[in-house]
Amino acid sequence: MKERYQLRQAAGAYWLLDMEQGEQYKKPFMLNECGAYIYRAYISGMSEDEIMQAFAKEYGLSFSCAQSDVGQFMMELRQRGII
């Protein structure tokens, strides 16, 4: 099954593209490297807690900092209807 949203890298940034747009154009959602890491982890099937732990380890952060960053990003993805 084809994913509705696809992650692409271009012009030094990551872009989340809606592949099922209707008549009204939706601008791609720009992500930084951390956002792309979190999104990839989520679509691979990791739970939010697993993502927070992996994110903290990958970027050398405390768990509480990773929890805040991942939580805020996941909330934005939900608000945009991406997840």
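Tutor: Helices and strands are runs assigned by DSSP and numbered from the N terminus, where a helix is H or I over at least four residues and a strand is E over at least two. This is a predicted model, in which local features need pLDDT of at least 70 and side-chain atom pairs count only at pLDDT 80 or more, while totals for chains, interfaces and linings use all residues. Residues are numbered from 1 along each chain as its sequence is written, and side-chain values use heavy atoms, with hydrogens and water left out.

Student: What pattern does the chain follow, read along the sequence?

Tutor: The chain contains three helices and three strands. Its C-alpha trace spans about 45 × 25 × 25 Å along the principal axes. Read along the sequence, the elements give the pattern β-β-β-α-α-α.

Student: What percentage of the residues in the chain are buried?

Tutor: A residue is buried under 20% relative accessible area, exposed over 50%, and partly exposed in between (1.4 Å probe, protein chains only). Of the 83 residues in the chain, the buried share is 29%.

Student: Which residues does leucine 77 contact, leaving aside its neighbours within four places in sequence?

Tutor: Contact means heavy atoms within 4.5 Å. With those neighbours left aside, leucine 77 is in contact with Leu16, Phe29, Tyr39, Ile82 and Ile83.

Student: How are α1 and α3 oriented to each other?

Tutor: Axes are lines fitted to C-alpha atoms, for helices over the stretch in contact, and angles run from 0 to 180 degrees between N-to-C directions. Angles under 35 degrees count as roughly parallel, over 145 as roughly antiparallel, 65 to 115 as roughly perpendicular and the rest as oblique. The axes of α1 and α3 are 11 Å apart, and the packing angle is about 70°. The two helices are therefore roughly perpendicular.

Student: How many nonpolar residues take part in the contact of α1 with α3?

Tutor: Gly35, Ile38, Tyr39 and Tyr42 of α1 meet Val70, Phe73, Met74 and Leu77 of α3. Ala, Val, Leu, Ile, Met, Phe, Trp, Tyr, Cys and Pro count as nonpolar, Asp, Glu, Lys and Arg as charged, and the others, Gly among them, as polar. By class, this contact has no charged residues, one polar residue, and a nonpolar count of seven.

Student: Is phenylalanine 73 buried or exposed?

Tutor: Phenylalanine 73 lies in helix α3. Not counting residues up to four places away in sequence, phenylalanine 73 touches Phe29, Leu31, Gly35, Ile38 and Tyr39. Because its relative accessible area is 11%, phenylalanine 73 is buried.

Student: What kind of aromatic pair do tyrosine 37 and tyrosine 59 form?

Tutor: Rings of Phe, Tyr and Trp (its six-membered ring) pair if their centres lie within 6.5 Å; planes under 30 degrees apart count as stacked, over 60 as edge-to-face and the rest as tilted. The whole structure holds four aromatic pairs. The rings of tyrosine 37 and phenylalanine 55 have centres 6.0 Å apart and planes at 45°, so that pair is tilted. For tyrosine 37 and tyrosine 59 the centres are 5.6 Å apart and the planes stand at 85°, so the pair is edge-to-face.

Student: Which residues form one aromatic cluster?

Tutor: Tyrosine 37 is partly exposed at 24% relative accessible area, whereas phenylalanine 55 is buried at 2%. Tyrosine 59 is partly exposed at 26%. The one cluster consists of Tyr37, Phe55 and Tyr59.

Student: What is the phi of alanine 11?

Tutor: Most residues other than glycine have a negative phi. Alanine 11 lies in the loop between β1 and β2, and at 80% relative accessibility it counts as exposed. Although alanine 11 is not a glycine, its phi is positive, at about 55°.
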